[in-house]
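Please look over the notes below with the model open beside you.

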Amino acid sequence: MQELIQHIEGAWASEMPFVAYHLPEAGEVNCFFPKDSQLRYLQHYDEAGFIFSPFKIESQTIVFPEASSEVLKFKLIDFGKESKSKFSIKENPEEKENYLKLLWEAIDQIHAERFKKIVVSRKISTAYNLQHPSELFLKLTQFYPEAFTYVWYHPKVGLWAGASPEVLAKTYRTQFKTMALAGTKPADEDRDWTEKELDEQQMVTDEITDALKNHTENLQISERQTDKAGDLLHLRTDIRATLASSKLGDVLKAMHPTPAVCGLPKEKAYQFLKVNEAYDRDFYTGFFGELNMPQHNQRSSRTQNQENQAYKSVVRVSNLYVNLRCLSYADGTINIYVGGGITKDSVPEDEWLETVNKSRTMLKVL
Ligand SMILES: C=C(O[C@@H]1C=C(C(=O)O)C=C[C@H]1O)C(=O)O
């Protein structure tokens, strides 16, 4: 653990890129330390490494290639540091008014039947002196063991950190998994899901299923369930399929941005957001994670004349998550990114409150 902290702090102090991450419920932390600070972009989805992809489809995906990085694993130890942060941000009335205006605009457009759903968002900025990214990362792993937690840094981009509950794509050989995640309520709110929330989540399931139809076989859709993400609950449907002749890159192109983070119809919603959201989402609602990284499986095989014999197989797997419940940091400023899905039944004040609740996921670790 001490070694992990030293590695992260060493890279940070010498302004060298790194990523440290923890997959849901995993026993270890993985890290990439690229050997130089050149910014590399992904050319093809056959490459192996850790990728960091922005929301905008026309922008390039950054890769820390496996081949030119030091790739390390560290055992994760529960260090029992449950100290909640006292850090808070005062509500800014002007920010609230602007966001309510954006929400009304989105609702008006839905009533005018331009969209069925649109996910609007905002950025909350505050002065902050981030000294130790390893501390931030370990708190994330501690508070959100069920999420994909990470801290990512490149000197030419800045630092990002987060705790994402949302799988975009997992692959194991030809097996493909994703999920439709939508609908939000506080975990301590004792109420049923509303029609609005159920409808909103169904739209996401239908659209993802549709996008996958042309690229996969054997589509399987699970029952809908409630999923906990920090202090929030979401509705979730798991979707599995077999990748036929299509490659992961084609599937991602068909899926991203899903209606969990953009809207329906996709292209119109995307254009609306470009014009009406008064800031650049950057990597928020993009995706990130392991691309074609080796997974070592140890199995025992009993062959005809032999005793049990252990053998190792290596399978290349991908684990990509949507970049939600995240923050960025550069030059003494922290930005927390939050949004929510708007449908015809949305109430602006409730949607504002939802973003306030979502911001707590990151505020807790500051
Ligand atoms: C957009 C965000 O979350 C997404 C929107 C949700 C919603 O509208 O209920 C729920 C989960 C995510 O798919 C966010 O966390 O910023």
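1. Which strands and which helix each supply at least two residues of the shell around the ligand? They are strand S10 (175–186), strand S18 (333–342) and helix H7 (348–363), where helices (H or I, at least four residues) and strands (E, at least two) are DSSP runs numbered from the N terminus.

2. This is a predicted model, in which local features need pLDDT of at least 70 and side-chain atom pairs count only at pLDDT 80 or more, while totals for chains, interfaces and linings use all residues. Residues are numbered from 1 along each chain as its sequence is written, and side-chain values use heavy atoms, with hydrogens and water left out.

3. The ligand is surrounded by 18 residues, the closest being Glu166, Thr184, Tyr284, Arg325 and Gly341; a residue counts here if one of its heavy atoms lies within 4 Å.

4. Oxygen atoms of the ligand lie 2.6 Å from a polar side-chain atom of Thr184, 3.0 Å from a polar backbone atom of Leu181, and 3.4 Å from a side-chain N or O atom of Glu354.

5. The ligand sits in the largest cavity, in the sense that more than half of its atoms lie within 2 Å of the grid points; a cavity is a set of points, on a 1 Å grid over the protein atoms alone, where a 1.4 Å probe fits but cannot get out, and lining residues have an atom within 4 Å of a point. The lining comprises 22 residues, and S18 gives the most, with five.

Note on methods
Polar contact = N/O pair within 3.5 Å; in protein donor to acceptor, adjacent residues only side chain to side chain. 1 Å grid on protein atoms, 1.4 Å probe; cavity = no way out; pocket = protein on both sides within 12 Å on 5 of 7 lines; lining within 4 Å.
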